[in-house]
Amino acid sequence: MEQIERIKQMEQRLERSAAAVMELSAALEKYEAVQEGIKALNKYYGSDVWRQDYADDEAGLLPADLKRGVLSEDGIWNLLSDAHELNDRLQNFQTFP
């Protein structure tokens, strides 16, 4: 019975691990696909262009229905911080020996 339980347990680990690997692989593909966008946001944030866009928004010169999360001081900063932390996690990720 010990052998049967061990095999069942290992089978469950295999199934969960295979699903997680596939999900992570798909997520990494999506993340890789947005790297140029993240670089563009990094360059934009804090630039003279961003400052002008921000000032124009504060002055009420932009359309009221315009989505402007990119002009919030926290929006891009939070994304860039999260991406940096994720990159650190990926670099430091250790797999099995």
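A salt bridge is a side-chain nitrogen of Lys or Arg within 4 Å of a carboxyl oxygen of Asp or Glu. By that criterion, a search of the whole structure finds three salt bridges. The structure is a predicted model, in which local features need pLDDT of at least 70 and side-chain atom pairs count only at pLDDT 80 or more, while totals for chains, interfaces and linings use all residues. Residues are numbered from 1 along each chain as its sequence is written, and side-chain values use heavy atoms, with hydrogens and water left out.

**Overall form**

- The protein chain has four helices and zero strands, where helices (H or I, at least four residues) and strands (E, at least two) are DSSP runs numbered from the N terminus.
- Along the sequence, the pattern of the protein chain reads α-α-α-α.
- The radius of gyration of the protein chain is 22 Å, whereas a compact globule of 97 residues would have one near 13 Å; the value is taken over C-alpha atoms, and the globule rule is 2.2 Å times the number of residues to the power 0.38.
- A box of roughly 75 × 30 × 20 Å, taken along the principal axes, is filled by the C-alpha atoms of the protein chain.
- Of the 97 residues, 10% count as buried; buried means under 20% relative accessible area, exposed over 50%, and partly exposed in between (1.4 Å probe, protein chains only).

**Salt bridges**

- Lys-39 and Glu-36 form a salt bridge in which the closest N and O atoms are 3.7 Å apart.
- Both Lys-39 and Glu-36 lie in helix H2, three residues apart, about one turn of the helix, and both are exposed.
- Arg-51 pairs with Asp-48 in a salt bridge, with 3.4 Å between the closest N and O atoms.
- Arg-51 and Asp-48 are both in helix H3, again three residues apart, about one turn of the helix.
- Asp-48 is exposed at a relative accessible area of 65%, while Arg-51 counts as partly exposed at 46%.
- Asp-57 and Arg-68 meet through their side chains in a salt bridge of 2.5 Å, N to O.
- Because Asp-57 lies in helix H3 and Arg-68 in the loop between H3 and H4, this pair ties together parts that are 11 residues apart in sequence.
- Asp-57 is buried, with a relative accessible area of 18%, and Arg-68 is partly exposed, with 24%.

**Ser-47 and the loop between H2 and H3**

- Ser-47 is in the loop between helix H2 (35-44) and helix H3 (48-58).
- Its relative accessibility is 19%, so Ser-47 counts as buried.
- A polar atom of the Ser-47 side chain lies 3.1 Å from the backbone nitrogen of Trp-50.
- The C-alpha atoms of Ser-47 and Lys-67 are separated by 19 Å, with the two residues 20 apart along the chain.

**Largest pocket**

- The largest pocket holds about 160 Å³ of space, a volume being the space filled by probe spheres set on grid points that are joined across faces, edges and corners.
- A pocket is an open set of points on a 1 Å grid over the protein atoms alone, where a 1.4 Å probe fits, with protein on both sides within 12 Å along at least five of seven lines; lining residues have an atom within 4 Å of a point.
- Leu-24, Ala-27, Leu-28, Tyr-31, Leu-86, Arg-89, Leu-90 and Phe-93 line the largest pocket.
- Helix H1 (2-33) and helix H4 (73-92) are the elements that give two or more residues to this lining.
- H1 provides the largest share of the lining, four residues.
- The lining divides into seven nonpolar residues, no polar and one charged; Ala, Val, Leu, Ile, Met, Phe, Trp, Tyr, Cys and Pro count as nonpolar, Asp, Glu, Lys and Arg as charged, and the others, Gly among them, as polar.

**Ala-19**

- Ala-19 has its place in helix H1 and is partly exposed, with a relative accessible area of 34%.
- Between the C-alpha atoms of Ala-19 and Leu-80, which are 61 residues apart along the chain, the separation is 28 Å.

Notes. Polar contact = N/O pair within 3.5 Å; in protein donor to acceptor, adjacent residues only side chain to side chain.
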